[in-house]
Amino acid sequence: MTTARRKPLMTALALWFVAAPAHAGWGDFDALFAVLPCPDGWMACETSAGGLSPEPLRDGSGVPLPADLRVGWFDLAPTAAFSPFAAMAARSGSTAPQADQAAVAEQAAAKAEAEQVAAAEAQRVAQEQADEARRQREEAVARANQEAEAARRMSEQAASASAEERARLEKEASAARERAAAAERARIEAEAQERARQEAARAEAERMAKARAEAESARKAQEEAARKAQETSAVAAVDPTRPAPAVSSDCTDLTKLEPSSLLGTLTPGQIECVEKRVATDVKMTDKDKASRLLMSNAFAKGDKEGWEKLVKRHLEEINQSDPDLSYKYALVLSKMGPGRAAGVIKWSDVALENKTVWTGDTFTNRVNSLYKFRAVAAQSLWQKAETDFAAEANDDKKALVEKHRNSTKVYAREWFEYAKVAGKDATQALQLCMSAAGTKDYCEGP
Amino acid sequence: MMWLATFAALSLAADTTEIGIPVTFEVLDVEGAPIPTAVIRHPKEQDRHRVNVETGRAVVSALYLPDGTEVLFTKGLELEFEISAPGFQNVHLTYLVRKRRNLVPVELEKLDVQSLVGGEEDEDPVIQFGRDKPID
């Protein structure tokens, strides 16, 4: 440490030594003046080692000591108050007069009272100090508790805030994951639809090719059979005893008959066998398959009347859940004029009940077409009823006119609304609706 | 002479009864043929006025609204009508009633919705054999 740095320190110490006594008072020297230094509890006495009084003693070095100190502080030498068993010196002098004794007693009582007051005051002060200390301690405890509570609240808020943030982030992450999953699903569905479309196109092409090949082979087989038949007939003409070749009419495996039914080349025996299966099979699914074979065969042959009967039977007795079939039937009937209009409405309704089977554009196109079939069929019924009423007016015909006009109005409005929503051309639907309702307000709605 | 004066007075008295000015609608198709099934309707009137089956004409001189109000046609009255017929496009027109010769020719265009059926939009589905995938 350098001299320059030491100088202020020394100055401070010197000032402290000078200033410290100035701060001391008489109260700081109470311990030096023992009030009752004598071994027998008196204030002053003569012992064998010397006299004792509240006046401080002095040790061998002259250092003042409290009178009741038994050994010196610095030299450990016994003082006049060393032995508590030291005999008291005999007291000389006369006894104080009674008045003096009374005065002494009064002084003693006053002193005792003062001591009691002082003790009470000291006790009160001590009590106050204790109370103050307790109050401070309680305040400190309360403050500490408050601080702890605040800290706990802050930590909870921090925790909840972080939890909310975490929840928000998790929610956003979840939404993002869901969006990503939806996009992925849409992509997968689009791919699946594309694959299905390609597969269907490929299958259709193969089926057509196969059908053409089978038709060709069937044609060749027919030619061959015709040629053989000619030969057989020629042979039979020569040899009438030879039996005709047997034709297989087995229909145990319906799947094997599908190619023939697609070409409309089921033999009468096979048709009869399949018809029997339709009539006798217990399971509706088997009946359904057999009925489909017959319908397909009739359609491929161009037997529309037979096909219509078979479809009607299928839909009414076997299964109505195929909307393709109901739709196709309604489409065919709708081309047959007002006479079949009731059937068009009925089977359009059936197809619309099962429309959820369709998806995408197929759904939109076919549902729109079905609404159209129904509205057009109702309109044809209305037109026919109006013509009949114009030819011969009566109440029954008038009621029929109103019934069909209302049907047309309702169906045309449904067609118009769907076409509008589905993005189809709704012009004709609106015109038809207005034609039946007589007003645009009804058709366009509120 | 006295009889003639009495007849003239009675005729004048009969003329003072309130009647609307008759408006005649003639509903024809684009070829000029009457449409026997056509009807004429005022937007606020519930009843529809049918045309004559032979002539395609309907004469209207008053309207009877649902609240019981009778609207007699008078000169200068502007009227709205909707003319419709099954198989024809609807026509909405406004007509100002004149004092006389109120003939309103209306031509309705054919609405051939029947031809819409079976068009390109109407797919003809292939009926499957009850399987999801056709057999190869």
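In chain B, strand β7 (residues 78–84) and strand β8 (residues 91–96) run antiparallel and are joined by six bridges; strands here are DSSP E runs of at least two residues and helices are H or I runs of at least four, numbered from the N terminus, and two strands pair if DSSP finds at least two bridges between them. This is a predicted model, in which local features need pLDDT of at least 70 and side-chain atom pairs count only at pLDDT 80 or more, while totals for chains, interfaces and linings use all residues. Residues are numbered from 1 along each chain as its sequence is written, chains are lettered from A and ligands numbered from 1 in the order in which they are written, and side-chain values use heavy atoms, with hydrogens and water left out.

**The four-stranded sheet of chain B**

- β7(B) and β8(B) belong to an open sheet of four strands in the order β3-β2-β7-β8 (chain B), with antiparallel pairing.
- The edges of this sheet are β3 (49–50) and β8 of chain B, each with a single partner strand, so one side of each is left without a neighbour in the sheet.
- Between β7(B) and β8(B), which form a hairpin, there are six residues, and Gly87(B) in the turn has a positive phi of about 90°.

**The three-stranded sheet of chain B**

- Another open sheet of chain B has three strands in the order β4-β1-β9, and its pairing is mixed.
- Here β4 (57–60) and β9 (103–108) of chain B stand at the edges with a single partner strand each, so one side of each is left without a neighbour in the sheet.
- On average, neighbouring strands of this sheet are turned by 20° against each other, direction ignored.
- Strand β1 (residues 23–29) of chain B runs parallel to β9(B) and is joined to it by six bridges, with Asp29(B) standing opposite Leu108(B).

**Helix packing in chain A**

- Helix α3 (residues 254–263) and helix α5 (residues 284–301) of chain A pack at an angle of about 20°, with their axes 7 Å apart; axes are lines fitted to C-alpha atoms, for helices over the stretch in contact, and angles run from 0 to 180 degrees between N-to-C directions.
- That angle makes α3(A) roughly parallel to α5(A), given that angles under 35 degrees count as roughly parallel, over 145 as roughly antiparallel, 65 to 115 as roughly perpendicular and the rest as oblique.
- α3(A) passes α5(A) in a left-handed crossing, a term that applies if the near helix is turned anticlockwise from the far one by less than a right angle, with clockwise giving a right-handed one.
- Residues of α3(A) including Leu254(A), Leu257(A) and Leu263(A) meet residues of α5(A), among them Ala290(A), Leu293(A) and Ala300(A), where contact means heavy atoms within 4.5 Å.
- By class, the contact of α3(A) with α5(A) has seven nonpolar, four polar and three charged residues; Ala, Val, Leu, Ile, Met, Phe, Trp, Tyr, Cys and Pro count as nonpolar, Asp, Glu, Lys and Arg as charged, and the others, Gly among them, as polar.
- Helix α7 (residues 323–334) and helix α9 (residues 360–391) of chain A pack at about 40°, their axes 11 Å apart, which makes α7(A) oblique to α9(A).
- α7(A) passes α9(A) in a left-handed crossing, and the residues of their contact divide into five nonpolar, two polar and two charged.
- The axes of helix α10 (residues 395–422) and helix α11 (residues 427–437) of chain A come within 8 Å and cross at roughly 155°, and the two helices are therefore roughly antiparallel to each other.
- α10(A) passes α11(A) in a left-handed crossing, and their contact has nine nonpolar, two polar and three charged residues.

- Over all chains the structure holds three disulfides, a disulfide being a pair of cysteine sulfur atoms within 2.5 Å.
- Cys38(A) and Cys45(A) form a disulfide with their sulfur atoms 2.3 Å apart, and this link is left-handed, with -115° about the S-S bond.
- Gly50(A), which lies in strand β2 (residues 50–52) of chain A, touches Cys45(A) and Ala80(A), not counting residues up to four places away in sequence.
- The C-alpha atoms of Gly50(A) and Thr79(A) are separated by 8.7 Å, although the two residues are 29 residues apart along the chain.
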